[in-house]
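Reader: Please take one part of this model, its salt bridges, and go through it closely. I would like to know where the partners sit and how accessible they are.

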Amino acid sequence: MSKSNDNLSLPQAEVTLPEQIATELRRDILNGKFAPGATLKERDNALETGVSRTPMREAIRILANEGLVQLRPARSPIVAQPTFKQISDNIVVLTTLELLSADLACQTATDEQIQDIEDAQNKFAAEADLVERVEAFELDMQVHLAITRASNNDVLIDAHRSMLERMWRARFLSARRADSRANVMKQHGQIIDDLKRRDADAVRKSLSAHLELLAVNVRGYFEAEKTDQNAPS
């Protein structure tokens with residue numbers, strides 16, 4: 001069992017075995033080992049992972065709460081297949097939460113919290129080319145989580161974390177379709193510069209431009225998938 005995960009920024013000492021298993025399964029889903037619609041057999045996955053069925057069952061429930069897995073009565077769970085409409089609706093809410101977070105961060109964030117955001121970005125920039133794609137994506141998301149924590153609004157932080165978990169696969173697919181990592185780095189840098197100046201209007205503009213790529217790339221993914229399905233075999 002890998003111990004390198006941040007589990008959405010939880011300190012390692014607080015990460016339970018089911019959460020560690022959930023992280024590995026989440027990565028397997030994002031990397032395509034388990035495609036949408038694939039069955040997740042609790043016993044088989046427990047044997048493969050080398051754990052008992054109880055923490056495996058709890059891990060699958062964690063992913064079900066995130067929307068990555070769909071539980072079925074008296075049947076094995078499957079990897080979720082959200083529709084474009086469902087994902088689009090989630091994107092609208094997630095974007096609203098992140099923009100509100102940045103606005104509040106301009107008002108309430110401490111200098112240390114702004115530094116935490118920059119530190120998360122520096123870690124992403126330094127390690128992104130040295131780790132697997134899904135791990136680089138997780139580093140990217142740490143920047144967004146740090147911005148939300150800087151809002152100092154616990155309700156907003158919890159809502160954003162929940163929504164981000166539901167959007168985990170969609171954001172990963174978006175990141176895979178992005179034109180270049182250099183563009184993401186540049187946009188993150190601009191967002192951080194605006195936050196340092198506590199310029200709410202500027203950070204809303206720079207963050208909006210960054211988040212617009214999410215909707216564009218997710219639409220592109222679904223259109224490409226539809227084209228592949230309609231292609232002659």
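Author: Buried means under 20% relative accessible area, exposed means over 50%, and partly exposed lies in between (1.4 Å probe, protein chains only). The model is predicted, so local features need pLDDT of at least 70 and side-chain atom pairs pLDDT 80 or more, while totals for chains, interfaces and linings use all residues. Residues are numbered from 1 along each chain as its sequence is written, and side-chain values use heavy atoms, without hydrogens and water.

The whole structure holds 12 salt bridges, each a side-chain nitrogen of Lys or Arg within 4 Å of a carboxyl oxygen of Asp or Glu. One of them joins the side chains of Glu 66 and Arg 26, with 2.6 Å from N to O. Its partners come from distant parts of the chain, 40 residues apart: Glu 66 belongs to helix α3 (residues 53-66) and Arg 26 to helix α1 (residues 17-30). Helices here are DSSP runs (H or I, at least four residues), numbered from the N terminus. Glu 66 has a relative accessible area of 3% and is therefore buried. Arg 26 is buried as well, its relative accessible area being 3%.

Another salt bridge brings together the side chains of Lys 33 and Glu 48, at 2.7 Å from N to O. This pair also links distant parts of the chain: Lys 33 lies in the loop between α1 and α2 (42-49), Glu 48 lies in helix α2, and 15 residues separate them. Lys 33 counts as partly exposed because its relative accessibility is 46%. Glu 48, at 56% relative accessibility, counts as exposed.

A further pair sits within a single helix. Lys 85 forms a salt bridge with Asp 89, and their closest N and O atoms are 2.7 Å apart. Lys 85 and Asp 89 are four residues apart in helix α4 (residues 84-108), so about one helical turn separates them. The relative accessible area of Lys 85 is 54%, which makes Lys 85 exposed. For Asp 89 the relative accessible area is 39%, so Asp 89 is partly exposed.

Methods
Helices (H or I, at least four residues) and strands (E, at least two) are DSSP runs, numbered from the N terminus.
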